[in-house]
Amino acid sequence: LSGNSLKKIQTKVNIDLKLISKWLRANKISLNAGKTELIVFRHPSKVINFNLKIKINGKRIYESNYVKYLGILIDPHLKWNFHVDLLAPKLSRALGMLSKLRHLVNSTTLRSIYYAIFSSLLTYASIVWGQNQNKFIERITKLQDKAIRIINFASFNESRGELYKKTNILKFKDQIKVSNFLLIHDHFSGTLPTSLNHFFTLVCNSHDHHTRAVTKMFYSLPKIRTSIYGIRSIIYQSIQEWNYFMHTLANHSLHKKSKFICKKIITNHLISSY
């Protein structure tokens with residue numbers, strides 16, 4: 001639930017929870033109130049001065065600093081510091097394995113191991129938590145740089161771009177760009193979940209004027225009010241990346257290609273720029 005008044009939200013939540021509890025009892029299903037969590041999403045500058053009293057079956061639910069959902073730790077301000085604190089040690093352990101294995105296998109096998117034990121952790125749900133390039137995300141990118149140096153037996157002062165190009169591996173920030181583009185590709189091809197379709201609108205569907213944006217299959221950028229929660233949002237960034245690559249790689253007609261081919265073309269384009 002969302003709103004400007006915590007008091008009104010509290011009333012709505014408690015009413016909904018009573019109805020849910022009643023329905024569960026009627027269907028002989030139990031609800032574990034001890035595992036139920038509450039989180040209030042808000043801007044860091046907005047302090048909560050209201051004592052929220054949320055209850056399920058008489059048991060009070062207190063606000064959590066973060067909640068875990070599908071392996072991602074979501075914090076109230078979407079800074080992802082808790083998630084990075086969980087992820088960074090896992091990536092560091094993967095670095096330790098890579099540093100030992102590099103002496104036992106060839107470069108092709110080592111690259112495959114990188115994708116298996118490091119990249120799989122790095123990219124999981126990264127389109128959600130990797131959009132805002134803050135100090136927490138920078139901590140992750142430094143670990144990826146270290147992984148690339150390990151794979152290439154490179155020293156600390158060697159050019160990162162050349163090492164990424166040599167191993168044909170995308171930088172983390174560019175992996176996010178590819179994921180953003182493919183999200184819009186899903187919308188364009190009609191495979192995006194229907195609950196997300198209303199977030200995206202083709203320029204040609206917003207007016208009848210024959211402009212370059214229409215002929216290039218551009219999407220309309222939403223109106224934004226903030227940088228972190230507006231410009232750096234998944235919706236805004238995804239549309240921006242789609243429009244950029246549709247313009248930059250116009251000769252490839254990406255909207256007519258499959259996701260696999262689009263990913264390959266964009267990846268090669270990005271790596272060639274390192």
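Where is S107 found?

**Entry 1: a residue to start with.** I looked up S107 and found this residue in helix 3. I keep in mind that the model is predicted. Is S107 buried or exposed? S107 has 54% relative accessibility, and exposed means over 50%, so S107 counts as exposed. I also checked how far S107 lies from I234: the two are 127 residues apart in sequence, and their C-alpha atoms are 35 Å apart in space.

**Entry 2: the whole chain.** Next I stepped back for an overview. I noted eleven helices and four strands in the chain. The C-alpha atoms fill a box of roughly 60 × 60 × 40 Å along the principal axes. Of the 274 residues, 38% count as buried. I then turned to contacts with a separation of 6 or more, and 61% of them are between residues 24 or more positions apart.

**Entry 3: the nonpolar cores.** Which residues touch the most other members of the largest nonpolar core? I wrote down L98, Y114, F118, F181, L254 and I266, out of 55 residues in that core. Several elements give two or more residues to this core, among them strand 4 (72–74), helix 2 (81–101), helix 3 (107–123) and helix 7. I found another core apart from this one, with ten residues that include A33, L38, V40 and L52.

**Entry 4: a closer look at F181.** I picked F181 from that list of core residues. What is F181 in contact with, leaving aside its neighbours within four places in sequence? My list reads E241, W242, F245, M246, L254, C262 and I266.

**Entry 5: helix 7 with helix 11.** My reminder to myself is that two packed helices are described by the angle between their axes and the distance between the axes. For helix 7 (residues 172–189) and helix 11 (residues 259–272), I have an angle of about 150 degrees and axes 10 Å apart. That angle makes helix 7 roughly antiparallel to helix 11. The crossing of helix 7 past helix 11 is right-handed. From helix 7, the contact uses D174, V178, F181, L182, H185 and D186, while helix 11 brings K259, C262, K263, I266, T267 and L270. I sorted the residues of this contact into six nonpolar, two polar and four charged.

**Entry 6: helix 7 with helix 10.** Here the axes come within 8 Å and cross at roughly 90 degrees. Helix 7 is therefore roughly perpendicular to helix 10. On the helix 7 side I found K177, N180, F181, L183, I184, H185 and F188. They meet I234, Q237, S238, I239, E241, W242, F245 and M246 in helix 10. This contact divides into nine nonpolar, four polar and two charged residues.

**Entry 7: backbone angles and loops.** Most residues other than glycine have a negative phi. I looked for residues that go the other way. N57 is not a glycine, yet has a positive phi of about 55 degrees. N57 sits in the loop between strand 1 and strand 2 (59–61), and counts as exposed at 51% relative accessibility. S253 is not a glycine either, and has a positive phi of about 45 degrees. I found S253 in the loop between helix 10 and helix 11, where S253 counts as partly exposed at 25% relative accessibility.

**Entry 8: one last residue.** I ended with G34, in the loop between helix 1 (6–26) and strand 1 (54–56). G34 counts as exposed, at 58% relative accessibility. The C-alpha atoms of G34 and K173 are separated by 38 Å, and the two residues are 139 apart along the chain.

Terms used
Residues are numbered from 1 along each chain as its sequence is written. This is a predicted model: local features need pLDDT of at least 70, side-chain atom pairs count only at pLDDT 80 or more; totals for chains, interfaces and linings use all residues. Side-chain values use heavy atoms; hydrogens and water are left out. Axes are lines fitted to C-alpha atoms, for helices over the stretch in contact, and angles run from 0 to 180 degrees between N-to-C directions. Angles under 35 degrees count as roughly parallel, over 145 as roughly antiparallel, 65 to 115 as roughly perpendicular and the rest as oblique. A crossing is left-handed if the near helix is turned anticlockwise from the far one by less than a right angle, and right-handed if clockwise. Contact means heavy atoms within 4.5 Å. Ala, Val, Leu, Ile, Met, Phe, Trp, Tyr, Cys and Pro count as nonpolar, Asp, Glu, Lys and Arg as charged, and the others, Gly among them, as polar. A nonpolar core is a set of buried Ala, Val, Leu, Ile, Met, Phe, Trp, Tyr and Cys residues joined through side-chain atoms within 4.5 Å. Buried means under 20% relative accessible area, exposed over 50%, partly exposed in between (1.4 Å probe, protein chains only).
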